[in-house]
Amino acid sequence: MQQTLKNTTLNDEDIKFLKRQLKKGYLTWIIFSLFSIVSPGVCIYMIITNEEISDKATPILAVIIIFGFWIYITIKAIIDTTKEQQNLLLQKKVEGNIIVLEKEIITTKGHEANDTDSYEITIYSEIEEKHKNISVKKKYYEKIQIGDMLWIEYYLDSNYIKTLIFEQQDIKSKYFTN
């Protein structure tokens, strides 16, 4: 069996899937926004009311710098999510069979032996003309072998994978990595 990817148009189910993914993003950024607003205010209030601190300007400046960076990242992410929603209906969907080219376990070193493993498979997208890595759970990683055929549905303008099927089994946890 050979690799066959093709561009298809979005249907109602695809639009609902993309909207659900965007809602998850909005919820995350709303929580970060609330944290970004409340935490610096609480920290500055604690610094001002603490009578043991004689030089209040330095800690207040540190709080402003740290949370200023945090707020900048949060605002940038909200803008990106908003742009993603505006381009929702302009997305292109790709679907078809792909061949697993490589498998790799990536270990991220953690503090005090708390390492994290990421299980990735590599595919080649003929439409995009580039290799893409997909992170999957360990149980699926162990079943999938190099050269196996997978069915995939994903979107070109976002990192969302709608469907990834191996041997009639829908792989639930999957996403593209960079």
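The model is a predicted one, in which local features need pLDDT of at least 70 and side-chain atom pairs count only at pLDDT 80 or more, while totals for chains, interfaces and linings use all residues. Residues are numbered from 1 along each chain as its sequence is written, and side-chain values use heavy atoms, with hydrogens and water left out.

We begin with the helices. Helices (H or I, at least four residues) and strands (E, at least two) are taken as DSSP runs and numbered from the N terminus. Helix α1 covers residues 12-49. The expected span of a helix is 1.5 Å times one less than its number of residues. Helix α2 has 30 residues and reaches 42 Å from its first C-alpha to its last, close to the 44 Å expected. At the start of α1, a side-chain oxygen of asparagine 11 comes to within 3.1 Å of the backbone nitrogen of glutamate 13.

The next topic is burial. A residue is called buried under 20% relative accessible area, exposed over 50%, and partly exposed in between (1.4 Å probe, protein chains only). The buried residues of α1 include Asp14, Ile15, Phe17, Leu18 and Leu22. Against which elements do the buried residues of α1 pack? They pack against α2, β2, β6 (149-155) and β7 (161-166), where contact means heavy atoms within 4.5 Å. In α2, the buried residues are Ile60, Val63, Phe67, Thr74, Ala77 and Thr81, and these pack against α1. Glutamine 21 lies in helix α1 and counts as buried because its relative accessibility is 18%.

Side chains of opposite charge can pair when their charged atoms come close. A salt bridge is defined here as a side-chain nitrogen of Lys or Arg within 4 Å of a carboxyl oxygen of Asp or Glu. How many salt bridges does a search of the whole structure find? It finds seven. One of them joins the side chains of aspartate 14 and lysine 93, at 3.0 Å from N to O. This pair links distant parts of the chain, since aspartate 14 is in helix α1 and lysine 93 is in strand β2 (residues 93-99), 79 residues apart. Aspartate 14 is buried because its relative accessible area is 0%, and lysine 93 also counts as buried, at 3%.

Two further salt bridges may be examined. In one, the closest N and O atoms of glutamate 128 and lysine 132 are 3.3 Å apart. Glutamate 128 is partly exposed at 22% relative accessibility, whereas lysine 132 is buried at 12%. In the other, lysine 138 pairs with glutamate 142, the closest N and O atoms being 3.9 Å apart. Because lysine 138 and glutamate 142 are four residues apart in helix α3 (residues 138-143), about one helical turn separates them. Lysine 138 is partly exposed, with a relative accessible area of 44%. Elsewhere, salt bridges that share partners join Glu13, Asp14, Lys93, Glu95, Glu153 and Lys162 into one network.

The surface also has a nonpolar patch, formed by Phe35, Trp70, Ile71, Ile75 and Ile79, with about 420 Å² of accessible area together. Such a patch is made of residues with over 30% relative accessible area and no salt bridge; like charges are joined within 9 Å, and nonpolar side chains (Val, Leu, Ile, Met, Phe, Trp, Tyr) within 5 Å. The areas come from the Shrake-Rupley method with a 1.4 Å probe, and for residues only the protein chains shown count as cover. Helix α2 (residues 57-86) gives the most to this patch, with four residues. Tryptophan 70 lies in that helix and is partly exposed because its relative accessibility is 31%.

Two other residues complete the tour. Isoleucine 146 is found in the loop between α3 and β6. Is isoleucine 146 buried or exposed? At 55% relative accessibility, isoleucine 146 counts as exposed. Apart from neighbours within four places in sequence, isoleucine 146 is in contact with Val100, Leu101, Glu102 and Lys103. Aspartate 170 belongs to strand β8 (residues 169-170) and is partly exposed at 30% relative accessibility. Not counting residues up to four places away in sequence, aspartate 170 touches Tyr140, Thr163, Leu164 and Ile165.

Key
A polar contact is a pair of N or O atoms within 3.5 Å; within protein, one must be able to donate a hydrogen and the other to accept it, and residues adjacent in sequence count only if both atoms are side-chain atoms.
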